[in-house]
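Subject: Structure for your review

Dear colleague,

Please find below the structure that I am handing over to you. My findings follow it, arranged by region.

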Amino acid sequence: MAQIKVTDLTFAYEGTAEDVLEHLTFHIDTDWKLGLIGRNGKGKTTLLKLLMNEYEYQGSIVTSTHFDYFPYEVKAEELSKTADELMEGWKPQAESWQVLIQMSEIGMDAEYLYRPFGTLSHGERTRIMLAVLFAGENEFLLIDEPTNHLDAKARDIVKKYLASKKGFILVSHDRDLLDAVCDHMLVMNRETIEVQMGNFSSWWENKERSDKNAIAENEKHMKEIGKLKAAADRSSRWAEKNENSKIGFDPLKEPERNISTRSYIGAKTKKMQARVKSYEKRMDREIEEKEGLLQDIERVADLKLEPMKYHKEILVHARNLSLRYEDAEEPLFQGLGFQVRRGDRVVISGDNGCGKSSLIKRILQLAGVASDSVDEGGNIKAEENRESHSTLVTEGTLEVGSGLIISYVNQDTSHLSGSLRDYCEKRGLRESLFLAILRKLDFGREQFGKSMEDFSEGQKKKVLIASSLITPAHLYIWDEPLNYIDVFSRMQIEKLILEFCPTMLMVEHDVRFREKVATLILSLPEGGAVVPDMPH
């Protein structure tokens with residue numbers, strides 16, 4: 001076991017005015033299973049890159065251990081190579097037999113190592129990269145959001161694999177994963193950074209208790225400061241009034257007073273002024289003790305939603321529905337039956353490649369909603385991980401209510417570019433309301449002047465979600481909305497959905513989120529299996 005000591009670490013990207021990381025100091029052990037969390041844009045990935053010594057920084061990072069980072073970079077021209085060929089660049093010191101041992105542990109056959117990397121699914125690529133990552137020795141591993149774009153089955157495999165390992169930092173917003181895997185948490189708070197023993201749930205329980213105590217202590221100090229200020233004001237007025245009475249008096253009204261009384265009044269005034277100074281010193285002490293109490297409080301602002309009420313009970317109805325690619329022999333699924341009724345929150349579940357996004361895009365097409373996966377002829381393009389560019393065809397019945405207004409969140413953010421103002425103008429959004437929602441989703445005002453290409457992936461996702469939230473609709477269709485979204489914003493969105501009860505159709509693999517918001521789970525098996533009609 002070794003230690004990693006980070007002291008006074010400060011970093012800013014070239015050409016930017018503000019620091020991404022500022023005066024971070026913490027110590028961790030290299031045999032820990034460490035979860036790293038924080039708001040989007042707080043610099044979690046940047047911290048990992050600094051540990052990898054990719055940028056120059058101020059401060060110090062002292063350790064005797066070596067680091068390796070997930071995910072490995074794969075260029076477009078390298079997708080035709082096998083993972084066995086690519087690993088020579090990823091981890092030159094690793095032997096194939098070491099990787100094969102790890103692949104066995106993560107539930108993969110050896111043949112996947114020798115397939116062209118571009119033919120593998122997101123889950124298969126992730127599992128092979130993790131197998132290569134853990135094939136080394138005497139390394140501390142930096143794992144950056146390994147479950148994004150993974151289905152529930154792949155997430156469960158990754159979760160069990162990481163739970164059997166140690167000696168890593170795991171950046172993740174998946175509460176279920178953090179609870180199952182981590183024994184320590186490294187938390188990037190609003191103003192400070194902290195290390196705490198335990199998993200996410202134990203840290204969150206401690207944080208809620210700590211925040212409650214900090215708020216109560218702050219209120220106590222505020223009351224005391226108010227009392228001291230009132231007492232100081234009274235004493236100050238008394239001292240001033242007393243001082244003004246030293247010179248000049250009416251013998252008829254004050255027959256017992258004479259010139260020698262001035263010294264007595266002066267002494268009394270001095271005593272009152274000393275009392276005022278004492279009150280002021282006590283106020284300063286109270287203010288000093290109050291300082292910083294609320295600096296790390298996560299004030300999760302309430303979001304609002306204005307769902308429209310559709311005139312019919314059923315918004316979407318499928319009967320004996322099958323989807324398949326034009327040039328494919330087998331359908332993605334067949335015999336599917338389900339309904340989306342007013343107030344339903346239907347979560348589509350299933351393995352990657354089973355047709356979840358394709359089903360959503362077919363519904364969007366029938367409703368006349370533009371999608372980057374619908375071509376000029378109105379046909380659904382093949383999914384991204386398919387080599388074929390054939391279109392999807394449907395068999396059976398899929399009915400979408402007439403006049404249905406849909407608000408859509410795409411899982412892809414690559415189309416976001418330019419300024420937020422241009423984005424609002426292009427989509428007819430009220431800029432002031434749009435920016436107000438982004439502020440509630442923890443966007444700093446300094447982000448508003450940046451180009452969206454410079455946003456983190458989590459911030460880009462928040463742009464899409466904010467756009468959807470201010471769009472009144474009968475049906476909200478969100479395709480993997482929580483990828484890259486921080487834990488606090490996830491809980492914020494959960495609260496919003498439970499409060500306003502919009503009608504929703506979603507693809508989302510976050511187990512905790514689904515447990516909170518779903519009223520119905522629509523499971524799609526892979527490989528053309530018949531899907532039984534979903535009872536309502």
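Two residues are said to be in contact when they have heavy atoms within 4.5 Å of each other. Please bear in mind that this is a predicted model.

I begin with the pairing of α4 and α5. By this criterion, Gly123, Thr126, Arg127, Leu130 and Ala131 of α4 meet Ala154, Ile157, Val158 and Tyr161 of α5. The residues of this contact comprise six nonpolar, two polar and one charged. Two packed helices are described by the angle between their axes and the distance between the axes. Here the axes of α4 and α5 (residues 152-163) come within 10 Å and cross at roughly 10°. Angles under 35 degrees count as roughly parallel, and α4 is therefore roughly parallel to α5.

The next element is helix α2, which spans residues 83-90. Its buried residues are Ala83, Asp84, Leu86, Met87 and Trp90. Viewed down the axis of α2, these buried residues fall within an arc of 155°, so they line one face of the helix. An α-helix has 3.6 residues a turn, so residues three or four places apart point the same way. On the other side of α2, Glu88 and Gly89 are exposed. The buried residues of α2 pack against two helices, α3 (96-105) and α4 (122-133).

Leaving aside neighbours within four places in sequence, Phe134 is in contact with Gln102, Leu141, Ile143, Tyr161, Leu162, Lys165 and Phe168.

Finally, is His66 buried or exposed? His66 is exposed, with a relative accessible area of 56%; the cut-off for this class is over 50%. This residue belongs to strand β5 (residues 66-70). Beyond its neighbours within four places in sequence, His66 is in contact with Asn138, Glu139 and Phe140. The C-alpha atoms of His66 and Leu141 are separated by 8.4 Å, although the two residues are 75 residues apart along the chain.

Yours sincerely

Note on methods: Residues are numbered from 1 along each chain as its sequence is written. This is a predicted model: local features need pLDDT of at least 70, side-chain atom pairs count only at pLDDT 80 or more; totals for chains, interfaces and linings use all residues. Side-chain values use heavy atoms; hydrogens and water are left out. Buried means under 20% relative accessible area, exposed over 50%, partly exposed in between (1.4 Å probe, protein chains only). Helices (H or I, at least four residues) and strands (E, at least two) are DSSP runs, numbered from the N terminus. The arc is that of the directions from the helix axis to the C-beta atoms. Axes are lines fitted to C-alpha atoms, for helices over the stretch in contact, and angles run from 0 to 180 degrees between N-to-C directions. Angles under 35 degrees count as roughly parallel, over 145 as roughly antiparallel, 65 to 115 as roughly perpendicular and the rest as oblique. Ala, Val, Leu, Ile, Met, Phe, Trp, Tyr, Cys and Pro count as nonpolar, Asp, Glu, Lys and Arg as charged, and the others, Gly among them, as polar.
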